[in-house]
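I wanted its fold elements, its side-chain pairs and its core.

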Amino acid sequence: SYLVGLDENGLGLGVDADNPLTGDPLKHSGDDFSFAGSDTGTDRELTSLTAHITSELSNGMEFTSITNWLDMDKSHRENVGGAAYEFFFVTEADYEQWSQEFRLSGEEDRFRWQVGAYYLNMELDSLSSTGGPLLLTLPGGRTDNFTEMESTNWSVFGQLEYDINESFTIIAGYRWSQDDK
């Protein structure tokens with residue numbers, strides 16, 4: 001049972017670790033078709049591709065390129081009302097991003113340096129819905145939130161390091177970013 005009586009000190013009610021309605025501590029109440037004939041739970045499909053290339057140039061410098069593309073589709077449905085009543089929460093999201101970073105670096109004796117540029121583009125389309133008997137004053141007994149976002153970020157950066165001696169190094173760096181949403 002869910003409520004198991006007094007705890008070992010005789011205080012309060014002890015609680016069974018398993019979810020009392022499903023028997024699974026990671027699953028919310030309701031069966032697999034807990035509302036409108038739709039499966040409950042989370043369905044996430046994610047694809048991420050990354051290419052990391054480093055090349056030693058003939059003049060002792062190093063060139064690095066890091067490219068990433070990510071695509072995610074997510075669907076989450078649950079009946080958060082438990083067995084007492086149906087109160088649903090739904091999230092549908094489509095997210096995609098692409099990023100590119102270039103770095104050039106070098107070193108000589110006690111001096112090291114690095115310069116680079118970074119670009120990121122993200123797009124998100126999302127719907128979150130909540131509804132049930134407690135929201136009957138709203139049309140359809142539910143509320144919806146729609147999100148559409150596109151964000152572009154790019155930056156340039158650099159860093160210099162100079163070893164004064166074996167235990168002391170001076171480091172200076174700068175980064176400039178532009179973020180448009």
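**Entry 1: a first residue**

Does Asp163 count as buried, partly exposed or exposed? I looked it up: Asp163 counts as buried, at 18% relative accessibility. My cut-offs are under 20% relative accessible area for buried, over 50% for exposed and partly exposed in between, with a 1.4 Å probe and protein chains only.

Ground rules before I go on. The model is predicted, so I take local features at pLDDT of at least 70 and side-chain atom pairs at pLDDT 80 or more, while totals for chains, interfaces and linings use all residues. Numbering starts from 1 along each chain as its sequence is written, and side-chain values use heavy atoms, with hydrogens and water left out.

**Entry 2: the chain as a whole**

I listed the elements. The chain has eight strands and zero helices. Read from the N terminus, the order is β-β-β-β-β-β-β-β. Both kinds are DSSP runs numbered from the N terminus: helices are H or I with at least four residues, strands are E with at least two.

Next I took the totals. Of the 181 residues, 26% count as buried. The accessible surface is about 12400 Å², and carbon and sulfur atoms hold 54% of that surface. These areas come from the Shrake-Rupley method with a 1.4 Å probe; for residues, only the protein chains shown count as cover.

I also checked contacts, meaning heavy atoms within 4.5 Å. Among those between residues at least 6 apart in sequence, 51% join residues at least 24 apart.

**Entry 3: salt bridges**

I searched the whole structure and found four salt bridges. The test is a side-chain nitrogen of Lys or Arg within 4 Å of a carboxyl oxygen of Asp or Glu.

I went back to Asp163. Its side chain meets that of Arg112 in a salt bridge, 2.9 Å from N to O. Asp163 lies in strand β7 (residues 142-165) and Arg112 in strand β6 (residues 111-131), so the pair ties together parts 51 residues apart in sequence. Arg112 is partly exposed, at 23%. I also noted a network of salt bridges that links Arg112, Glu161 and Asp163.

Arg77 and Glu92 make another salt bridge, also written down from N to O, at 2.9 Å. Arg77 sits in strand β4 (residues 62-79) and Glu92 in strand β5 (residues 88-108), so this pair joins parts that are 15 residues apart in sequence. Arg77 is partly exposed at 23% relative accessibility. Glu92 is partly exposed too, with a relative accessible area of 26%.

Then I looked at Glu101 and Arg103. Their closest N and O atoms are 2.8 Å apart, in a salt bridge. Glu101 counts as buried at 17%. Arg103 counts as partly exposed at 21%.

**Entry 4: aromatic pairs**

How many aromatic pairs does the structure hold? I found three. Rings of Phe, Tyr and Trp (its six-membered ring) pair if their centres lie within 6.5 Å; planes under 30 degrees apart count as stacked, over 60 as edge-to-face and the rest as tilted.

Phe63 and Phe102 have ring centres 5.8 Å apart and planes at 25°, so I logged the pair as stacked. Phe63 is in strand β4 and Phe102 in strand β5, 39 residues apart, and the pair links distant parts of the chain. Phe63 is partly exposed at 30%. Phe102 is partly exposed at 41%.

Trp154 and Trp176 form an edge-to-face pair, 5.0 Å centre to centre with 65° between the planes. Trp154 is in strand β7 and Trp176 in strand β8 (residues 168-180), 22 residues apart. Trp154 counts as partly exposed, at 38%. Trp176 counts as partly exposed, at 34%.

**Entry 5: His76**

I placed His76 in strand β4. His76 is buried, with a relative accessible area of 16%. Leaving aside neighbours within four places in sequence, His76 contacts Gly41, Thr42, Phe89, Val90 and Thr91. I took one distance here: His76 and Gly41 are 5.6 Å apart, C-alpha to C-alpha, and 35 residues apart in sequence.

**Entry 6: the core**

Which residues make up the largest nonpolar core? I wrote down five: Leu70, Met72, Tyr95, Leu120 and Met122. Such a core is a set of buried Ala, Val, Leu, Ile, Met, Phe, Trp, Tyr and Cys residues joined through side-chain atoms within 4.5 Å. Strands β4 and β6 are the elements that give two or more residues to this core.

I followed up on Met72. Leaving aside neighbours within four places in sequence, Met72 is in contact with Arg44, Glu45, Leu46, Ala93, Asp94 and Tyr95.
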